[in-house]
Amino acid sequence: MRTGFLNLARPFEAWGAYSLAFAFLLAGCGGHPRTPLSSPAGLPNSVVEADRSQYAQFLPNPQLTPGDALPVTVQDICTPGYARKVRNVPVEVKRQVYQEYGIYHHQPGEYEIDHLISLELGGSNSIKNLWPQSYITRPWNAHIKDQLENELHREVCSGEIDLAVAQHDIATDWIATYKQVFHTDRPLSPQEYRQFMQAASGRTRAGFAAPVATTPAPGSTPDVDADGAPSTPSNGVVRVWVNTRSGKYFLPGSRYYGNTKRGEYMTEDQAIRQGYVKAGGE
């Protein structure tokens, strides 16, 4: 049995005592209006706990997967390509995760070994941050959690929410956080999610720096090789391939990169802002 705490500034038990401080800090700096999930002074959050019982089967076992984060900065995680650079989960570790969750047989594409705190939010590859999340359960699954990860990443990089708060909330209860972030009691459809992200893409708040610029200047076109595939542009930003029909995007090296009937190249930042979700396993 694995034990451990979220490797952030403090373990889970201490978060309640500091949640008001986070709220006041964010409010004073023009931060995100929502507050952390923990209750003030360590008191139980009865609303979250009561709601959690309705969807507990979609959450990881907190004893096995409490969450774990790397000592990174906002600048680190907001640099294009960061998550791809740090991703490193050996096959042996994935097998161990499946075994600890009692999953000994599964179909291809049924699960992903997911980072509870996503890499794009500074999550680590530690086994304490990994769990087998289903792609096929309804209504909550890995595809829906991808939506939350992308939106929290956008909010952190635009200065709307503190990185530590985003890490804490997604590790504590990602479904409650999803409902709070998207103002809904149910998962958004792909179309609703794209509309939400398009509406939110230009939103920044006073007192924070603008997000890392990765979008080409207006009127510019992607650099392409002779075969039509995008080369790495002079600014070093690698483009992803978006399947405009499925709403997924693929990283260079994927067998689907540039190989779907419908699609286009763009930066990962552009894809996220337009509501596209990273394909599972990327």
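Which residues have the most contacts inside the largest nonpolar core? They are Trp 140, Leu 148, Trp 174, Phe 182 and Tyr 249, in a core of 43 residues. The model is predicted, so that local features need pLDDT of at least 70 and side-chain atom pairs count only at pLDDT 80 or more, while totals for chains, interfaces and linings use all residues. Residues are numbered from 1 along each chain as its sequence is written, and side-chain values use heavy atoms, with hydrogens and water left out.

**Nonpolar cores**

- A nonpolar core is a set of buried Ala, Val, Leu, Ile, Met, Phe, Trp, Tyr and Cys residues joined through side-chain atoms within 4.5 Å, where buried means under 20% relative accessible area, exposed over 50% and partly exposed in between (1.4 Å probe, protein chains only).
- To the core of 43 residues, at least two residues each are supplied by helix 6, helix 7 (163-172), helix 8, helix 9, strand 3 (239-243) and helix 10 (268-273); helix 8 gives the most, with 6 residues.
- Another core, of 8 residues, lies apart from it and includes Val 93, Val 97, Ile 113 and Ile 127.

**Backbone features**

- Helices (H or I, at least four residues) and strands (E, at least two) are DSSP runs numbered from the N terminus.
- Arg 138 and Pro 139 are joined by a cis peptide bond with omega of about 5°, and Pro 139 is placed in the loop between strand 2 (130-134) and helix 6 (142-158).
- His 183, in the loop between helix 8 (174-182) and helix 9 (190-200), has a positive phi of about 55° although it is not a glycine.
- His 183 is exposed, with a relative accessible area of 68%.
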